[in-house]
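Biologist: Before we talk about labels, please show me the model. I want to know what each term rests on.

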Amino acid sequence: SGENVFHVPPAALFRIGDGWGVFTVRDGRDVRKAITIGHRAGDAIEILDGIREGDTVVLHPPNELEDGTMVQPSGSDVAK
């Protein structure tokens, strides 16, 4: 807990080597972003660096998803 803690659901994260990443959506395409995580608390992962508040992230990204793929967000597949 803390003031102004930026977090995303664990379902948005995937491994990039030894680190973590998420897919954001920009102009109808997904963009793979490396992120730095902080604390973990059940249904939330603190994000320290890599994306900003207000970015749309893909939940449950499939293994086949590649950077730059056209995506059409739906309410259950994205988080802001």
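**Labels and their grounds**

Modeller: His 60 lies in the loop between β6 (57-58) and β7 (78-79). The model is a predicted one.

Biologist: Why is His 60 called exposed?

Modeller: The relative accessible area of His 60 is 59%. Exposed means over 50%, so His 60 is exposed.

Biologist: What is the phi of His 60?

Modeller: Phi of His 60 is near 55°, which is positive in a residue other than glycine. Most residues other than glycine have a negative phi.

Biologist: Which loop holds Asp 27, and what makes Asp 27 count as exposed?

Modeller: Asp 27 is in the loop between β3 and β4. Its relative accessibility is 74%, and the cut-off for exposed is over 50%, so Asp 27 counts as exposed. Asp 27 also has a positive phi, near 55°, and is not a glycine.

Biologist: How do you know that β3 and β4 pair?

Modeller: Two strands pair if DSSP finds at least two bridges between them. Strand β3 (residues 19-26) and strand β4 (residues 29-41) have 7 bridges, so the two strands pair, in the antiparallel sense. Arg 26 stands opposite Arg 29 in β4. The two strands form a hairpin with 2 residues between them, and Asp 27 is in the turn.

Biologist: What makes β4 and β5 a pair?

Modeller: 4 bridges join β4 to strand β5 (residues 44-49). At least two are needed, so β4 and β5 pair, and they run antiparallel. Ala 41 is opposite Ala 44 in β5. This hairpin too has 2 residues between its strands, and Gly 42 in the turn has a positive phi of about 60°.

Biologist: Why is the charged end of Arg 15 said to sit over the ring of Trp 20?

Modeller: The charged end of Arg 15 is 4.3 Å from the centre of the Trp 20 ring. The distance cut-off is within 6 Å, and the charge must also be within 35 degrees of the ring normal.

Biologist: How many helices and strands does the protein have?

Modeller: The protein has 0 helices and 7 strands, in the order β-β-β-β-β-β-β along the sequence.

Biologist: How much of the protein is buried?

Modeller: Of the 80 residues, 31% are buried; the word is used for under 20% relative accessible area. The accessible surface of the protein is about 5,500 Å², with 45% belonging to carbon and sulfur atoms.

Notes: Residues numbered from 1 in each chain as written. Predicted model: local features only at pLDDT ≥ 70, side-chain atom pairs only at ≥ 80, totals over all residues. Heavy atoms only, no water. Buried < 20%, exposed > 50% of the residue type's maximum accessible area, 1.4 Å probe, protein only. Areas by Shrake-Rupley, 256 points an atom, 1.4 Å probe, with all protein chains shown as cover.
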